[in-house]
Amino acid sequence: MPSVILDRSRKKRLEQSHPWIFKSEIATVEGNPEPGELVQVKNHQGRFLATGYYNPNSQITVRVVSYQPLEKMDRHFFVTRFKECLSHRERFIGDENAYRLVYGEADFLPGLIVDRFADVLVVQLLTLGMDSCRDSIVEALVEVMKPAGIYERSDVSVRELEGLEQRKGVLYGECPRHVTVTENGLKIKVDIVEGQKTGYFFDQRENRASIKPLMTGWGSRSGITMQEIEEEGQARIVPVNKSGKEVTFPYWDGATVLECFSHTGSFTLHACKYGAKKVTCLDISAHAIDSARENVELNGFQDRVEFVVDDAFQFLRTQVKGVEEREERARGEHKVDTSKPLTAGGGRTWDVVILDPPAFAKSKGAVKGACRGYKDINLHGMKLVNEGGYLVTASCSYHMRPDLFLETIRDAAQDAGKILRLVEWRAAGKDHPQILGVDEGHYLKFAVFEVRSKSTL
């Protein structure tokens, strides 16, 4: 088998479990390996370190698939790996019928993503090494998972860095465009053909469930209390408003919620499941809002959700301007004709504001601009949180490191005159494991903050 000999002065990333070997780390190549072929990886002394697949046309020239000698990535190899992947998901995901089955490097299969949507699998082959194993991958998935169909979504630009064309289509069996799955007891309709990435984002599963404590406990703000009333000799404990009337709306204790960048409305669905009173579901994409509306109706939540197609940045700014203008009128600092409507419009606030934007920084060079974007949405988002409410905010940009993300939010809080109390800090879910030493896998940051105004403390 051909060998790749690593440079003496390289950083010892491979020994620290990082599976990527860059072109600049290679001293020599022994033999004539074909692109996509397996090679042995050795240090400068000739000691075996790992086996990986080779692509001289990529800056990541070798991707490690085993730390033992390996002759070929055949059906048997993939069956073994897929069984390990399935075992991990069955242990940590339980009875859910939708999850990320294969997560690339973290499952020791770099360049391969497999998502399960009930009895349909969606695969992404991101590298030449995995693309050349297409048939073995499909055969192994059929053996291990016994799916009704396998659909390919390799329509991503990263393939071009490997010298590959983008492609999508059916690889096996029958693959309906829409598949309905369950997550945390909710029904979700997924578009595997035209949906973003593979159709759905599984990495926030546990994070979506974590908002449950935020969704109830708000009734007292409206003066609603639990009181005992007697009717026809029967005593009942019921919610009663300030006027002494029984409150019959079942979600009287629920939060008002704003979800921005909603995509398929996954946080909206969870908010309703956990008792939210009213949810505003917002996305710039009309197609995304149509998908969210369909999912809301599928779960019977349509009476508590309003849908908005708008740019989140502009929407948040408009609401903040309305709040500020309303406060200015209330203070009476300037002569204002209060018979006229607010000029800025907006002016709404919510108990919980959820910000789950797409990646703002897809490269190192984009970090500075991303910081401005994250600061902007978080600054305006926290200004729209009712006093003592919660800001739920996330970043899926790997280049936006955790400390920088928190620093950016802290700066936004300073400008907004708010004090943020960190309640929860999370990463991607258990079907997205992380290899210690592979920083690229630590991409998702998820935080829940209680929002307080300095003027009230």
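Let's start in a loop of this predicted model: F261 sits between strand β16 (256–260) and helix α5 (266–273). Is F261 buried or exposed? Its relative accessibility is 15%, and buried means under 20%, so F261 counts as buried.

N184 lies in the loop that links β12 (178–183) and β13 (186–191). N184 is not a glycine either, yet it has a positive phi of about 50°.

Two packed helices are described by the angle between their axes and the distance between the axes. Here, helix α1 (residues 75–92) packs with helix α3 (residues 134–145) at an angle of about 45°, and their axes are 8 Å apart. Because of that angle, α1 is oblique to α3. The crossing in which α1 passes α3 is right-handed.

Which residues make the contact? On the α1 side you can pick out R75, F78, V79, F82, K83 and L86. Facing them from α3 are S136, I137, E139, A140, L141, E143, V144 and M145. Sorted by class, the contact of α1 with α3 has nine nonpolar residues, one polar residue and four charged residues.

How values were computed
Residues numbered from 1 in each chain as written. Predicted model: local features only at pLDDT ≥ 70, side-chain atom pairs only at ≥ 80, totals over all residues. Heavy atoms only, no water. Helix = DSSP H or I, 4+ residues; strand = E, 2+ residues; numbered from the N terminus. Buried < 20%, exposed > 50% of the residue type's maximum accessible area, 1.4 Å probe, protein only. Axes fitted to C-alpha atoms, helices over the stretch in contact; angles between N-to-C directions. Parallel < 35°, antiparallel > 145°, perpendicular 65-115°, else oblique. Left-handed = near helix turned anticlockwise from the far one by under 90°. Contact = heavy atoms within 4.5 Å. Nonpolar A, V, L, I, M, F, W, Y, C, P; charged D, E, K, R; others polar.
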